[in-house]
Amino acid sequence: MERMPKWADVVLIPLISLLLAAVISGLVILAIGEDPINALNLMVKGALGSTYGWGYTLYYATNFLFTGLAVAVAFHARLFNIGGEGQAMLGGLGVALVCLYLPWPHWSLALLAATGGAALFGAAWAFLPAILQAKRGSHIVITTIMFNFIAAAFLNWLLVGPLKPRGAMDPSTARFPEAVHLPSLHEILAPLGISFSKAAPANVSFLVGILACILVWALIWRTRLGYEIRAFGHSEPAARYAGISPTKITVITMLISGGLAGMMAINNVMGEAERLVLNATEGAGFIGIAVALMGRSHPFGVFLAAILFGFLYQGGAELALWTNIPRELIIVIQALVILFTGALDNMVRMPLERLFMALRRRRA
Amino acid sequence: MTGQNANGARQATAAPDPQVPAIELRGISKAFGPVQANKGISMRVMPGTIHGIIGENGAGKSTLMSILYGFYKADAGEIMISGRPTVIPDSQAAIAAGIGMVFQHFKLVENFTVLENIILGVEGGGLLRPSLAKARAALKSLAEEYELNVDPDAVIEDIGVGQQQRVEILKALYRQADILILDEPTGVLTPAEADHLFRILRNLRDEGKTIILITHKLREIMEITDTVSVMRRGEMTATVKTTETSPEHLAELMVGRKVLLRVEKTPATPGKPVLEVDNLRVVDAAGVERLRGVSLNIRAGEVLGLAGVAGNGQSELLEVLGGMMPAAGQVLLNGQPIPLTGPHADGQSRRTAGIAHVPEDRQRKGLIMDYTAWENSVFGYHRDPAIGRGPLMRNAAILEHAQQQMQRFDVRPPNPRLAAKSFSGGNQQKVVLAREIERGPDLLLIGQPTRGVDIGAIEFIHQQIIALRDAGKAILLVSVELDEIMALSDRIAVIFDGRIMGEVAADQASAQELGLMMAGVATGKAA
């Protein structure tokens, strides 16, 4: 018998965790001599109070959507992919190569090819850790972390060397041609008569992200492959019994995971910067871990968590802009959210389970 | 628990008053969350008797003994040792009260000698030599008194399970135990070893010790106990004198309805050979040879029982045939060789070839415990084109089919949306069995079909196996329960140390002869 209703597990626990994180964040803000109510006000207004704010919130959310899905898929096979950061960097390289070196008549074709290129490069970056785990038992957490550093160093070299246009001063590629410019939400919504901020970076990739959520959901719960991935995640001996090859599943899952992480680049590289810059991922690969944890590895949960973290990012930036609260405190707040929703999950879950059980007993 | 109190208890039993129970439980209750494991249990165990506790898995036997040994604290109730109310907060207190426990899984240090294991925890002083000498002397007298012979200087990992069990008993006796609790002690023993154990237990009883024997085997209860208590669903349903009861009556008390203990079957009519195994060899990851040239064959319409003490290679044989482990040698299925190494030596290929497999460990291998029953109903067959379209699975159709299957196989509750872990052992096994039998395999591999399965379900599972045989299928049955092997098989092969020791027709087999072969002694009929 279930210990508590599903809605409590999916909705109530994250909500309470979030509330606790908010309360403690408020205390911290109070401690440094600022007004927490005012701070919250600023964050909400800054992130959700205008289409400009929304545009940024959704832009960040799109990044987290892809990296969150990447971590979530791997989680289903009990693989902890910490390498979303490196895979997303390589995805950026894939996008840059597709956009710079192939001629594109229309952005839609370019987006298709760039998505493919991003996924391919991201998947390739996940392949080596996957094969090392599957064949040699090298722990995927260790190898994917190391691959993040290798990816960063590799892109450093590319961006100050081969990919930098001759004579340019900053370490980045040339600007992508105008033909591959992705429509922003402003451009998409204008024909529908909805006015949306012109300056915000949210673009069509957000819709690709939603599509990715649906596809991942179908993959995990509707296909034979998803069935095998989950089975392998639950019990390797059982998977072997059923004739599911652990090597194959590990590699395939990591390729999908790496591909999803790589696809983030269509948002930040193609949609926003329109060229590949140094450190383009800005830690989104790591945020993806928190997003997947909070979203319980379910695509819909990942979607909600990505929006929440998008809000924290954008709201935090506003906070730093308008108050004396240092930017670092935003990281503290984000850390608290991760701590409560991820690591301290049982702190909320156990008392709640006991409460539900007591309630049930009284009714019985 | 103070030392004084413990001494008091011991003095009382040193000259046991036959009128005062050695152990008396009054109204013991224990709940784990919503599960009531023990409900108001009262029981009296008289000194100098062997008292059996019998019940199905999950009836609450182990919980009750864990309370007595201080592992769990009872929610309510009272424990009296030799007439004195006693609180047992931990195992130290239990030992001090004169209670010794022999667990199903031994708690011995593998690379210590017998003597070192005996004094572990009661070294008494900084230097080992005096206590070792003391233990050696004590061991000698115990060995003479109770037929408990073990070489004190042997290292545990070098001696057999039967001897290891004796070390556990010696440990308890060395700690002055007057009450000995044994939890399923014969599970790992050959019949001969079990007989020896029973002799030891009788000797101990005759010297005034009190013994509690927990088991689910009716035969053992009838053979050795003086009194027997039956537990069902956390309650003690009856306590009777063994001489005044019968196995049928006990089974009925355990299950709550009449149970058929014998397997009804007609003589087999074997057809063409289905499985031919020739010189099968397996070396495990540690470099140990697990199968050393196993050869056997099974015909259509017969059950070959593979008897043996656990760990002699039968698990490996099942896994090789089931495609979970590579091997060397040759295996023919319906005259065609099946691959033993490489990518096609996997579970999928085996199933396509017509081999179904009910694995020994259904919880770790046969099922995904977190998957629902309907998801489990296609586990291993999930690539079957019939259950989906391309990469997609037809979940609604699978669910509906699972529902019918559960009704046919009497899985309770017949709700395919429940996770496998929320079914009892017997019902889990029915889910596995239904899945494996349904597609009409040529060969069924079945390991420990009734381990952890309640008596009511055992009856059903045995009937299914015989029905499959009568439908002309070949069956390889592996079980550590000799009774089960003898009841179901048409031929019996015995495996010892990775080799087939011999083979006998089931109707000519005797437990003694099989027991000898299980212990590695080849008999006249050895193949």
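Modeller: Residues are numbered from 1 along each chain as its sequence is written, and chains are lettered from A, with ligands numbered from 1, in the order in which they are written. Because the model is predicted, local features need pLDDT of at least 70 and side-chain atom pairs count only at pLDDT 80 or more, while totals for chains, interfaces and linings use all residues.

Biologist: Happy to start where the chains meet: which helix gives the largest share of the side of chain A that touches chain B?

Modeller: Contact here asks for C-beta atoms, placed from the backbone, within 7 Å, and 17 residues of chain A are in contact with 25 residues of chain B. Helix 9 (224-234) and helix 10 (236-241) of chain A each give two or more residues; helices are DSSP runs of H or I with at least four residues, strands are runs of E with at least two, and both are numbered from the N terminus. The largest share, five residues, comes from helix 9 of chain A.

Biologist: And inside chain A, what is the handedness of the crossing of helix 1 and helix 15?

Modeller: Helix 1 (residues 6-31) and helix 15 (residues 327-343) of chain A pack with axes 8 Å apart, at an angle of about 150 degrees. Axes are lines fitted to C-alpha atoms, for helices over the stretch in contact, and angles run from 0 to 180 degrees between N-to-C directions. A crossing is left-handed if the near helix is turned anticlockwise from the far one by less than a right angle, and right-handed if clockwise. For helix 1 and helix 15 of chain A, the crossing is right-handed.

Biologist: Now chain B: which are the edge strands of the six-strand sheet?

Modeller: The sheet is open, with mixed pairing and the order 6-7-8-3-9-10; strands pair if DSSP finds at least two bridges between them. Within this order, strand 3 (residues 50-55) and strand 9 (residues 227-232) of chain B pair in the parallel sense over five bridges. Each edge strand pairs on one side only, and these are strand 6 (99-102) and strand 10 (235-241) of chain B.

Key. Contact = placed C-beta atoms within 7 Å.
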